[in-house]
Amino acid sequence: MKITKIETLVCNARMRNWIFVKVLTDQPGLYGWGEATLEWHTRGVLGSIKDLEQLLIGEDPTRVEYLWQIMYRQHFWHGNGIVRGTAISGIDIALWDIVGKVHCVPCHQLWGGPVRDYVRLYSHLGGGKMEDFYDTTPGDASRFADLAQKTVEDGFTAFKTMAVPETMPLEGLRPIKYAEACVKAMRDAVGDDIDIMVDCHARPSPRMGHLFAEALEPYGLYWLEEPCWPEAAEDIAAIQRSVTTPIATGERLVGIHAFRDLLEKRACSVIQPDITHCGGLSEARRIAALAESYRVSMAPHNPQGPVSTAASIEFGFATPSYIICEAVHRDVPWRKDVVREGFEVDLKGRLVRPNAKPGLGIEIDENEVAKHPFEQEVPQRSFYADGSAGDW
């Protein structure tokens with residue numbers, strides 16, 4: 001069995017261009033699906049996949065670890081940058097899909113079988129509609145309460161919100177009080193039985209991150225995410241030590257070495273590797289094993305397309321430290337049209353039961369994808385009041 005070609009399909013989903021990766025073999029009808037979506041870097045990822053293809057043509061697709069090592073270590077430059085790491089991830093996911101199909105089992109069976117009966121999903125506030133989730137301009141906090149209630153009505157028992165506004169390196173009380181008002185409104189609206197996560201999006205400086213964490217401590221957050229730049233692991237660790245709220249981070253890190261540094265500093269309670277960026281399912285499994293030794297939970301970052309979601313769910317069924325799966329469902333109204341999924345979702349509680357189909361259990365409808373060709377992603381530009389560039 002040999003790899004004959006690697007194809008890429010781009011599907012514009014407003015904020016993101018989903019990049020689907022299709023690894024074809026010389027066995028009729030045998031191919032694998034992966035995803036390598038990276039916002040605002042679509043052309044770079046497509047070029048990187050094309051560069052990697054020359055290393056893989058003619059190779060056995062079931063030698064997944066061998067091929068991962070080739071992609072990561074050869075061509076001299078290691079694959080620990082975001083663009084090449086994403087390209088490797090998309091191909092790696094597709095290879096695991098092939099292996100599952102070869103052995104006629106879901107991917108989670110390849111990794112030792114299910115360790116849980118279901119995986120719980122959590123939603124973005126607004127279901128992934130970018131205007132609802134990413135608009136944090138200080139205003140009426142009741143908007144957050146309304147969106148929170150709608151999310152619970154959709155069956156979710158957990159959701160994530162960006163209640164922390166874009167913030168200069170040092171500000172007064174205004175952004176702190178606004179974030180607190182938003183979270184209080186949501187907690188009052190949904191009660192204590194619903195898990196609320198707040199994503200700071202690494203907007204604050206370390207000191208402002210401390211202030212946000214302290215202000216939101218009384219509201220029993222499931223976690224506080226990226227309270228400052230991921231490059232500042234020691235500062236994230238200091239924030240984690242200063243509050244009882246679990247701190248989550250890691251979505252922008254590529255490779256096990258970056259997570260080693262995060263874990264050694266005891267910087268967080270939850271790590272969030274993105275399976276489409278960190279090195280694919282192969283590297284995510286290594287990161288999970290490392291996190292297990294520190295008793296740190298895992299909740300992969302996953303706001304992308306349907307292949308990423310299927311991969312995250314398969315990974316969750318075989319990973320003891322995995323606690324919850326990020327999922328968006330209203331980013332585009334035709335999301336379900338481009339994919340057939342093997343897993344089933346119980347809408348009461350948004351619980352996913354194991355997929356019984358081989359590999360990732362999904363099939364991409366290429367005709368539907370073709371209806372949504374590449375468009376430049378919606379720009380997200382952030383400037384502070386004084387005109388200086390900010391963190392979006």
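Glutamate 326 is buried, with a relative accessible area of 1%, where buried means under 20% relative accessible area, exposed over 50%, and partly exposed in between (1.4 Å probe, protein chains only). This is a predicted model, in which local features need pLDDT of at least 70 and side-chain atom pairs count only at pLDDT 80 or more, while totals for chains, interfaces and linings use all residues. Residues are numbered from 1 along each chain as its sequence is written, and side-chain values use heavy atoms, with hydrogens and water left out.

- Glutamate 326 forms a salt bridge with lysine 160, with the closest N and O atoms 3.3 Å apart; a salt bridge is a side-chain nitrogen of Lys or Arg within 4 Å of a carboxyl oxygen of Asp or Glu.
- That pair links distant parts of the chain, since glutamate 326 belongs to strand β11 and lysine 160 to strand β5, 166 residues apart; helices (H or I, at least four residues) and strands (E, at least two) are DSSP runs, numbered from the N terminus.
- Lysine 160 also meets the side chain of glutamate 225 in a salt bridge, at 3.0 Å from N to O.
- Glutamate 225 lies in strand β7 (residues 223-225) and lysine 160 in strand β5 (residues 158-161), so this pair ties together parts that are 65 residues apart in sequence.
- Lysine 160 counts as buried at 1% relative accessibility, and glutamate 225 counts as buried at 0%.

**Other salt bridges**

- The whole structure holds 18 salt bridges.
- Arginine 335 and aspartate 331 are joined through their side chains by a salt bridge of 2.7 Å, N to O.
- In that pair, arginine 335 counts as buried at 9% relative accessibility, and aspartate 331 counts as buried at 12%.

**Overall fold and surface**

- The secondary structure of the protein chain consists of 13 helices and 15 strands.
- The radius of gyration of the chain is 20 Å, close to the 21 Å that the globule rule gives for 392 residues, so the chain is as compact as a globular protein of that length; this radius is taken over C-alpha atoms, and the rule is 2.2 Å times the number of residues to the power 0.38.
- The C-alpha trace spans about 60 × 45 × 40 Å along its principal axes.
- Of the 392 residues in the protein chain, 59% are buried.
- Among the contacts with a separation of 6 or more, 72% are between residues 24 or more positions apart, a contact meaning heavy atoms within 4.5 Å.
- The accessible surface of the chain comes to about 15,800 Å², of which 51% belongs to carbon and sulfur atoms; such areas come from the Shrake-Rupley method with a 1.4 Å probe, and for residues only the protein chains shown count as cover.
- The chain has 41 positive and 55 negative side chains, and the centres of the two sets lie 2 Å apart; Lys and Arg count as positive and Asp and Glu as negative, with His and the chain ends not counted, and the place of a charge is taken as NZ of Lys, CZ of Arg, CG of Asp or CD of Glu.

- In helix α2 (residues 64-73), the buried residues include Val64, Leu67, Trp68, Ile70, Met71 and Tyr72.
- The cover over the buried residues of α2 includes β1 (3-13), α1 (42-56), α3 (82-103), α10 (256-264) and α11 (280-293).
- Histidine 75 follows α2 and has a positive phi, near 65 degrees.
- Phenylalanine 76 lies in the loop between α2 and α3, has a phi near 70 degrees, a positive value in a residue other than glycine, and counts as exposed at 65% relative accessibility.
- Most residues other than glycine have a negative phi.

**Two further loop positions**

- Arginine 295 is found in the loop between α11 and β10 (297-298), where its phi is near 60 degrees, again positive in a residue other than glycine, and it is exposed, with a relative accessible area of 71%.
- Threonine 319, in the loop between α12 (306-317) and β11 (325-327), is buried, with a relative accessible area of 6%.
- Not counting residues up to four places away in sequence, threonine 319 touches Val115, Arg116 and Ala288.
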